Amino acid sequence: MNLSAKLRKAKEELELWQRKIDKVEKNKSDLICEKLDADERKKNAGSQLSKLNDKLESLQRDFQKEEQSFKEKLIDKQREGAKLKDQLLQLQNELQSKQADRDLLQSKFKIKVVLPEKNIKFAKFEESVPTDKEGEEFLKIKCCYNIFPKVSLVLQNGQALITFEDEQVANKILKVTKHHINLDPGKLDVKVQPVRLDTARQFEVHIDISRKMVKVSQIPDSLPEERMRDKLEISFSKPSLGGGEVENINYDSFSGTALVIFVEKGIAQHVAEQKNYKILLNEETSCWVAVESVKDYSLEKFQTFNGICKRTVLLTDIKNAMEEEELQDKLEIHFQKPSNHGGEVESVQYVPKDKHLTVYFEEDREEN
């Protein structure tokens, strides 16, 4: 191979290596640029991380403050809750005390009435005014109940009540404050004092029952107001259901109640006796409503009174010296003797040791 060919080949190899070097230099430059970009991104990321760390620390500080504030509030609420529990306990104790006082007052002022069973038949005299011509005063059935009190007294052990037939005897007995009971053998000293009655109440309860009006309740809201009013009027007008001609209906859809006023007197009573009445909503559907009489209540002639029982005296400081019946007999014998200022005894009630007894008093009524 000649020199010229060798030089050309060497030149070509030189160019080839030059291109490779240029390519390596270019790659090196690109890598340097990428490294600079990466360093910039790393710097930015570091800055963002630092900001995030600062924000995290700030949030942690805020969280700690909020947590501390919440703990303090929780402690305050716990203290307040404990205080409220104490107040609740105190109020419950006061409530129990008030309830006990209420029960005592209720038992003291309770009206106990036992009404005997009576078979009563209401009839109309032939000469009375016909129903269709009766005046306004016959629109209601008027009832009056006289409530008479029973006053009570709790006898403790070592006490006795003696009731005389004559109140003058009781007055004489009360003038001697201490009596000496002959037990044979031995004697028993007892003290005598009047029976002071608690406050009692007497009154009349007047009840007017309408003969033309009934109250209807439990009316469903399945229909509009006007349609339901029409259905009520139609249903209560049917004699086959126990009704009659309706004069007016006052219907309240909100409460589901109504006042039905009939034209004739007496129909309301028959309807109210059914307790439940059938309402026709349409040809296939019906419902039941509750019916009751319309009643007006009033309290009249309310009187309160107290005083001293006229024919009964209270014995105290009685020692448990013998059997109950025997001691009761001794007391009756002593207070029956005129020499002891006594007289005819109607009843004696003695309470022995570890016992108590509730005694009820009634007003003496003169028989006509």
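**Close-up views of a predicted model**

Figure 1. Tyr277 has a relative accessibility of 0% and so counts as buried. The model shown is predicted. Phe236 also has a relative accessibility of 0%, which makes this residue buried. Phe236 and Tyr277 form a stacked aromatic pair. Their ring centres lie 4.3 Å apart, with 10 degrees between the planes. Phe236 belongs to helix α3 and Tyr277 to strand β8, so the pair ties together parts that are 41 residues apart in sequence. Phe262 joins these two residues in a cluster linked by ring pairs. In total, the chain has 3 aromatic pairs.

**Figure 2. Phe203 and Phe302 form a stacked pair.** The ring centres of Phe203 and Phe302 are 5.9 Å apart. The angle between the planes is 25 degrees. Phe203 sits in strand β5 and Phe302 in strand β9, so this pair ties together parts that are 99 residues apart in sequence. Which of the two is buried? Phe203 is, with a relative accessible area of 14%. Phe302 is partly exposed, at 43% relative accessibility.

**Figure 3. The largest nonpolar core holds 23 residues.** Val216, Leu232, Phe236 and Phe262 touch the most other members of this core. At least two residues come from each of β5, α3 (225–236), β6 (246–252), β7 (257–262), α4 (267–273), β8 (276–280) and β9. Helix α4 supplies the largest share, 4 residues. A second, separate core has 21 residues. Among them are Ala170, Leu183, Leu188 and Ile318. In soluble globular proteins, nonpolar side chains tend to be buried together.

**Figure 4. Val216 and its contacts.** Val216 is among the residues that touch the most other members of the largest nonpolar core. What does Val216 contact, leaving aside its neighbours within four places in sequence? The partners are Phe236, Gly256, Thr257, Ala258, Val260, Val289, Ala290 and Val291.

**Figure 5. The buried face of helix α2.** Helix α2 covers residues 167–175. Its buried residues are Val169, Ala170 and Ile173. Seen down the helix axis, these buried residues fall within an arc of 100 degrees, so they line one face of α2. What do they pack against? The partners are strands β3 (159–164), β4 (178–182), β5 (187–217) and β9 (286–316), together with helix α5 (324–336). Ala170 also belongs to the second core. At the start of α2, Asp166 places a side-chain oxygen within 3.0 Å of the backbone nitrogen of Gln168.

**Figure 6. Ser210, a buried residue in strand β5.** Ser210 lies in strand β5. Its relative accessibility is 9%, so Ser210 counts as buried. The Ser210 side chain reaches the backbone nitrogen of Lys212 at 3.2 Å. Not counting residues up to four places away in sequence, Ser210 touches Leu139, Lys140, Ala268 and Val294.

Figure 7. Glu225 is part of helix α3. Is Glu225 buried or partly exposed? At 38% relative accessibility, Glu225 is partly exposed. The C-alpha atoms of Glu225 and Ser253 are 6.2 Å apart in space. In sequence, Glu225 and Ser253 are 28 residues apart.

Figure 8. Phi of Lys275 is near 70 degrees, in a residue other than glycine. Lys275 occupies the loop between α4 and β8. This lysine is exposed, with 56% relative accessibility. Phi of His341 is also near 70 degrees, again in a residue other than glycine. His341 is found in the loop between α5 and β10 (345–351). With 40% relative accessibility, His341 is partly exposed.

**Figure 9. The whole chain, for orientation.** The protein chain has 5 helices and 11 strands. Of its 368 residues, 26% are buried. The chain exposes about 27,800 Å². Carbon and sulfur atoms supply 51% of that area. Among contacts with a separation of 6 or more, 75% join residues 24 or more positions apart.

Notes. Residues are numbered from 1 along each chain as its sequence is written. This is a predicted model: local features need pLDDT of at least 70, side-chain atom pairs count only at pLDDT 80 or more; totals for chains, interfaces and linings use all residues. Side-chain values use heavy atoms; hydrogens and water are left out. Buried means under 20% relative accessible area, exposed over 50%, partly exposed in between (1.4 Å probe, protein chains only). Contact means heavy atoms within 4.5 Å. Accessible areas come from the Shrake-Rupley method with a 1.4 Å probe; for residues, only the protein chains shown count as cover. The arc is that of the directions from the helix axis to the C-beta atoms. A polar contact is a pair of N or O atoms within 3.5 Å; within protein, one must be able to donate a hydrogen and the other to accept it, and residues adjacent in sequence count only if both atoms are side-chain atoms. A nonpolar core is a set of buried Ala, Val, Leu, Ile, Met, Phe, Trp, Tyr and Cys residues joined through side-chain atoms within 4.5 Å. Rings of Phe, Tyr and Trp (its six-membered ring) pair if their centres lie within 6.5 Å; planes under 30 degrees apart count as stacked, over 60 as edge-to-face and the rest as tilted.
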